[in-house]
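I opened the notebook for a look through this one.

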Amino acid sequence: MDRTPVIGVTTGFAKRNDLSQGPYVHQDYEQSLFLTGAVPVLLPIAPDELADRYIDLCDGIIFSGGGDVDPRFFGEPPSPYIEPFDIERDRFEILLMKKAIDAGKPVLCICRGLQVLNVAYGGTLVQDLATEWENPILHDQKIARGKTSHGVRIILDSRFSQLLGGRDSLYVNSLHHQAIKKLAPGFRAVAFAPDGVIEAVEHEQNDRIIGIQWHPESLAAAGDSLMRGLFRSFVAQCSLSGEKTR
Ligand SMILES: [Mn+2]
């Protein structure tokens, strides 16, 4: 029987015009999974009662990038600089994420996914870095997704650094204007931008949770071997967890 790991990828809802609307996620997510030996399955925003079934179907889930998180989920009113948010997507992803983690499935939380992770477990977000952060650098790069624009410092004594072959710094892409403000309890910040913005987190105990503020899928799709390695590690972990639960 084919044991190729099946990885769910969350999607947003996009309306292109009056004749065309539906689930959307950037193709770099599935390209990175194709490149690292996994089967991507795109997960539309669904009624709550389908979350358990989604999790059964997947060996792991990538919580993908997308719009802002509705600040009501962390108890704040919207900043005038917040960008479009989707309460249905937030509600469903918070539910799906908690259920996936409770079921022991590996989760890779990318950009907005990292922000959803932080909010799901009791953290808060900076709604707009340019107006709320002290001395921010540029985090919404104006160049291609697959190109890097700022450095990050990685905490050496972390699982995340091990995943990257013991690196203590690297250059990453940056396509976000929100970021973690108060880190959720139980999590540890393991990578920082030069302005102090948290760029990656891991859980203090659960090694099946990783959150990354940049877009490793676009670097991997563009040929970055370190980010492909990160995807390969995640796919291998999903493959192992799938064998245990089948
Ligand atoms: Mn950044």
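**Ground rules**

I am working from a predicted model, where local features need pLDDT of at least 70, side-chain atom pairs count only at pLDDT 80 or more, and totals for chains, interfaces and linings use all residues. Residues are numbered from 1 along each chain as its sequence is written, and side-chain values use heavy atoms, with hydrogens and water left out.

**Entry 1**

Are His139 and His176 buried or exposed? His139 is buried, at a relative accessible area of 2%, and His176 is buried too, at 4%. My cut-offs here are under 20% relative accessible area for buried, over 50% for exposed, and partly exposed in between (1.4 Å probe, protein chains only).

I then checked the rings and found 3 aromatic pairs. The rule takes rings of Phe, Tyr and Trp (its six-membered ring) with centres within 6.5 Å, and calls planes under 30 degrees apart stacked, over 60 edge-to-face and the rest tilted. Tyr121 and Phe187 have ring centres 5.7 Å apart and planes at 50°, so I noted the pair as tilted. The two are 66 residues apart, with Tyr121 in the loop between helix 4 (112-120) and strand 7 (125-126) and Phe187 in strand 11 (residues 187-192). Tyr121 is partly exposed at 25% relative accessibility, whereas Phe187 is buried at 7%.

How many residues of helix 4 are buried? The count is 9 of the 9, so the helix is largely enclosed by the rest of the structure. Among them are Arg112, Gln115 and Asn118. Just after helix 4, Gly122 takes a positive phi of about 100°.

The largest pocket has a volume of about 530 Å³. Of its 25 lining residues, Gly65, Gly66, Gly67, Asp68 and Arg89 are the closest to its centre. Strand 2 (12-17) and helix 4 are the elements that give two or more residues to this lining, and strand 2 gives the most, with 3. I sorted the lining by class into 9 nonpolar, 10 polar and 6 charged residues. Here Ala, Val, Leu, Ile, Met, Phe, Trp, Tyr, Cys and Pro count as nonpolar, Asp, Glu, Lys and Arg as charged, and the others, Gly among them, as polar.

For the pocket rule, I noted a 1 Å grid over the protein atoms alone: a pocket is an open set of points where a 1.4 Å probe fits, with protein on both sides within 12 Å along at least five of seven lines, and lining residues have an atom within 4 Å of a point. Grid points are joined across faces, edges and corners, and the volume is the space filled by probe spheres set on the points.

The second largest pocket has a volume of about 200 Å³. Helix 8 (225-245) is one of the elements that supply at least two residues of its lining, and helix 8 has the largest share, 4 residues.

**Entry 2: salt bridges**

I counted 15 salt bridges, each a side-chain nitrogen of Lys or Arg within 4 Å of a carboxyl oxygen of Asp or Glu. Asp48 and Arg91 meet at 2.1 Å, N to O. Asp48 is partly exposed at 34%, and Arg91 likewise at 30%.

Arg145 and Glu217 form another salt bridge, at 3.0 Å. The pair is 72 residues apart, with Glu217 in helix 7 (residues 216-221). Arg145 is partly exposed at 23%, but Glu217 is buried at 0%.
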